[in-house]
Amino acid sequence: MEKLTIQEEEAMLSIWQLDGGFVKEILDNLKGEKPPYTTLASTIRNLERKGYVKAVKYANAKRYESIISEEEYKGRFMHGFVGDYFRNSYKEMVSFFVKEEKLSATELKEIMDMIQKKQS
């Protein structure tokens, strides 16, 4: 599956939050500075071409629905990210964030608690 651009990811986040929508609804739901309507429409057509969304026709308008879930995308993206930047080692990734002081001892403990609960 093709990686998404920043604009495509922002559009997908909006589509996931809305559980699908028309271009106008997706535009209204975007956070921060909003692109022109035509730019967003083009971005969404790219998402359709890449297989991330499908268009469902309603009269003369199209409603866009996600084909891939947010969790599935995050999983694929993180797997590639860890592979590309941390030699497929999640331990190296966590170690990096600890060294950069981006992960506190409390957050690390919460992660350990999640792992222990998962193993139980």
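Let's start with Lys24 and Asp28, which form a salt bridge whose closest N and O atoms are 2.9 Å apart. A salt bridge here is a side-chain nitrogen of Lys or Arg within 4 Å of a carboxyl oxygen of Asp or Glu. Both residues sit in helix 2 (residues 23-29), and because they are 4 residues apart there, about one helical turn separates them. Helices are DSSP runs (H or I, at least four residues), numbered from the N terminus. Lys24 is partly exposed, at 47% relative accessible area, and Asp28 is also partly exposed, at 47%. On this scale, buried means under 20% relative accessible area, exposed means over 50%, and partly exposed is in between (1.4 Å probe, protein chains only).

A word on the model before going on: it is predicted, so local features need pLDDT of at least 70 and side-chain atom pairs count only at pLDDT 80 or more, while totals for chains, interfaces and linings use all residues. Residues are numbered from 1 along each chain as its sequence is written, and side-chain values use heavy atoms, with hydrogens and water left out.

Back to the charges: the structure holds 9 salt bridges. One of them joins the side chains of Lys3 and Glu9, at 3.7 Å from N to O. Lys3 is exposed, with a relative accessible area of 52%, whereas Glu9 is partly exposed at 24%. Arg63 and Glu65 make another salt bridge, with their closest N and O atoms 3.2 Å apart. Here Arg63 counts as buried, at 17% relative accessibility, while Glu65 is partly exposed at 22%. Elsewhere, salt bridges that share partners tie Glu2, Glu8 and Lys50 into one network.

Now for a nonpolar residue, Leu40, which lies in helix 3 (residues 37-49). What does Leu40 touch, leaving aside residues up to four places away in sequence? The list is Ala11, Val23, Ile26, Leu27, Leu30 and Pro35, where contact means heavy atoms within 4.5 Å. Take Leu27 from that list: Leu27 and Leu40 are 13 residues apart in sequence, and their C-alpha atoms are 7.2 Å apart in space.

Finally, over to the surface, where Phe77, Met78 and Tyr90 form a nonpolar patch with about 250 Å² of accessible area together. Patches are built from residues with over 30% relative accessible area and no salt bridge, joining like charges within 9 Å and nonpolar side chains (Val, Leu, Ile, Met, Phe, Trp, Tyr) within 5 Å. The areas come from the Shrake-Rupley method with a 1.4 Å probe; for residues, only the protein chains shown count as cover.

Definitions and conventions. Helices (H or I, at least four residues) and strands (E, at least two) are DSSP runs, numbered from the N terminus.
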